Amino acid sequence: MMVTTATAKYKGTKMREEKLSEMIEEKVKEATEVCEAEERLEECRVAWDEVEEVSQARADLRIKLKLLNHDPLESFCQENPETDECRIYED
């Protein structure tokens with residue numbers, strides 16, 4: 001199985017993915033600390049739920065990047081072919 005990663009075209013997108021990765025690391029540390037004490041079982045569940053949510057946000061961003069890793073005008077023109085920006089001229 002071949003795994004490909006989408007490359008971000010824009011700095012902000014790359015920074016967002018990096019921040020999400022950092023957040024995941026922080027949340028894992030927090031969850032590990034919270035779960036060390038057995039009497040805090042409910043807090044432990046909540047902490048790991050937060051890890052899952054941030055991980056899913058990063059996964060969603062990667063999926064979005066794969067889907068949008070092409071010219072934004074292409075998707076615009078698919079939805080709005082009648083606009084001036086999307087006209088095709090034949091010679």
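Glu-17 forms a salt bridge with Arg-62, with 2.6 Å between the closest N and O atoms. Glu-17 lies in helix H1 (residues 11–35) and Arg-62 in helix H2, so the pair ties together parts that are 45 residues apart in sequence. Helices here are DSSP runs of H or I with at least four residues, numbered from the N terminus. A salt bridge means a side-chain nitrogen of Lys or Arg within 4 Å of a carboxyl oxygen of Asp or Glu.

This is a predicted model, in which local features need pLDDT of at least 70, side-chain atom pairs count only at pLDDT 80 or more, and totals for chains, interfaces and linings use all residues. Residues are numbered from 1 along each chain as its sequence is written, and side-chain values use heavy atoms, leaving out hydrogens and water.

Glu-17 is buried, at 16% relative accessible area, whereas Arg-62 is partly exposed, at 37%. Buried means under 20% relative accessible area, exposed over 50%, and partly exposed in between (1.4 Å probe, protein chains only).

A search of the whole structure finds six salt bridges; three of them are tabulated here.

| Arg-62 | Glu-17 | 2.6 Å |

Arg-45 and Glu-42 both lie in helix H2, three residues apart, about one turn of the helix. Salt bridges that share partners also join Lys-27, Glu-30 and Glu-50 into one network. Arg-45 is partly exposed, with a relative accessible area of 48%. Arg-40 is partly exposed at 34%, and Glu-43 is partly exposed at 42%.

Helix H2 covers residues 41–67, and its 27 residues should span 39 Å at 1.5 Å a residue; the end C-alpha atoms are 39 Å apart, which agrees. The expected span is 1.5 Å times one less than the number of residues. The buried residues of H2 include Cys-44, Ala-47, Val-51, Val-54, Leu-61 and Leu-65.

Counting cysteine sulfur pairs within 2.5 Å as disulfides, the total is two. Cys-35 is joined to Cys-44, S to S 1.8 Å. The torsion about this S-S bond is about 100°, so the disulfide is right-handed. Cys-35 is partly exposed, at 24% relative accessible area, while Cys-44 is buried at 13%.

The sulfur atoms of Cys-77 and Cys-86 are 2.0 Å apart in their disulfide. Here the S-S torsion is about -85°, so the disulfide is left-handed. Cys-86 is buried, at 10% relative accessible area. With bonded cysteines counted along the chain, the pattern is 1-2, 3-4.

Key:
Helices (H or I, at least four residues) and strands (E, at least two) are DSSP runs, numbered from the N terminus.
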